[in-house]
Amino acid sequence: ILYGGARTTLERIFPAYLVTCRWSGGKAQPIRSVRNIDIVPFTNDSATVYFTSWEVQYTGGTPETYLLPLALATGDRAFELRQTNPQSVIAQMKISDKESETEGLLYDALYDPGFCKALLASIGHSRRFKSDDAEIQAHPSKMFHTVAGDTEASLEPSMLRGEQSNTSIVYGDRLILKFFRRVGEGLNPDVEVGRFITEKTSFANVPVLTGFIEIRKEQTEPGTLGILQGLVVNQGDAWRYTLDSLGRYFEEVLSRQPALEWSATPDQPLAELTTQETSPLARELMGSYLSSALLLGQRTGELHKALASDAKDPAFAPEPFTALYRRSLYQSFRTIAVQSPSLLQKRLPGLAEDIRPHA
């Protein structure tokens, strides 16, 4: 399928599949063509999955490269996939020879728990997988066995639902593998920063880097395919916690009107207000959120201090905030501000009727 004439057919049908994927970044741009550029076999326990990368050309946009681990399912396995994870199916296949015809499904192997277990094992054992043009290398960090323990094979994988740009696999209550769908050259910042924090500082308030997977090709920088970290069990994130706290704040304010007496909004700069004592009324209305926000600020400051702790490392040594850098930030923000309304205007016809007037 991948090496013969059928690959051309796959390249033709891939655009229809990509527009259904949450992680595809070009859903708002017309796809002109898709071309397969890499195939690396990943063999484990007599089963083979193929790491494949696909270059997507857009009409009037910058090309992007996406990674898909592909496998073929037949019989009961194909039926099970169609029932439990229909979104994993890329194409229905008919495989014919002189004596028989077999039906099967070409699917995204990240929906296969067996493959996810093999990925974890490959990181723990520093495995390599080669093709003629590319090599995939799995690397454990110094903390892999400390976090995974001696029973890594018993950590059952499960996919996190609802993610946008990546696919994450959770292993028991210990590890999480973030699989990057979009492939780019160079070391991923999550790996670079995570390795520095884990191995060169004592800062302990970020997930521990336990390993990563990369792809290497001649004449290009290695690209990061996935990052393995210690799992931080949680019930949400600070953004959701903030929204919930604000909701309770407004409910409390509305329930007290008109009993509350309001003072004028302070006209001092925010930096000055941070040095003042929080009013008793604010503490009462906001509850425990103020202490959480204070702790978040403290941890953020400690993180930056840890990242700036090695002046000899050129990747982390502090640099001056120059006028040129400020200008480049301004230009990037301005570009996004111009592009976003234009994109929204193009998407208006496809929005629900109750949302369209707001848009």
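Predicted model: local features only at pLDDT ≥ 70, side-chain atom pairs only at ≥ 80, totals over all residues.
Me: What makes the set of 40 residues a nonpolar core?
Reply: A nonpolar core is a set of buried nonpolar-type residues, Phe, Leu and Tyr among them, joined through side-chain atoms within 4.5 Å. The 40 residues form the largest such core. Those with the most contacts inside it are Phe 51, Phe 115, Leu 119, Tyr 171, Leu 175 and Leu 228. Helix H3 (residues 113-124) gives the most to this core, with six residues.

Me: How do you know what Leu 119 touches?
Reply: Contact requires heavy atoms within 4.5 Å. Leaving out residues up to four places away in sequence, Leu 119 touches Phe 42, Phe 51, Leu 110, Tyr 171, Leu 177 and Ile 213. Another core, of 19 residues, lies apart from the largest one. Its members include Leu 18, Val 34, Tyr 66 and Leu 70.

Me: Why are E6 and E8 called edge strands?
Reply: The open sheet has seven strands, in the order E6-E7-E11-E12-E10-E9-E8. Strand E6 (128-130) and strand E8 (157-159) each pair on one side only, so they are the edges. Neighbouring strands are turned by 15 degrees against each other on average, direction ignored.

Me: How do you know that E10 and E12 pair?
Reply: Two strands pair if DSSP finds at least two bridges between them. Strand E10 (residues 175-180) and strand E12 (residues 223-230) share five bridges, in the antiparallel sense. They therefore count as paired. Leu 175 has Gly 230 as its bridge partner in E12.

Me: Which strands does helix H5 lie across?
Reply: Helix H5 (residues 189-200) lies across E10, E11 (209-217) and E12. The helix runs at about 140 degrees to E11.

Methods. Residues numbered from 1 in each chain as written. Heavy atoms only, no water. Buried < 20%, exposed > 50% of the residue type's maximum accessible area, 1.4 Å probe, protein only. Helix = DSSP H or I, 4+ residues; strand = E, 2+ residues; numbered from the N terminus. Axes fitted to C-alpha atoms, helices over the stretch in contact; angles between N-to-C directions.
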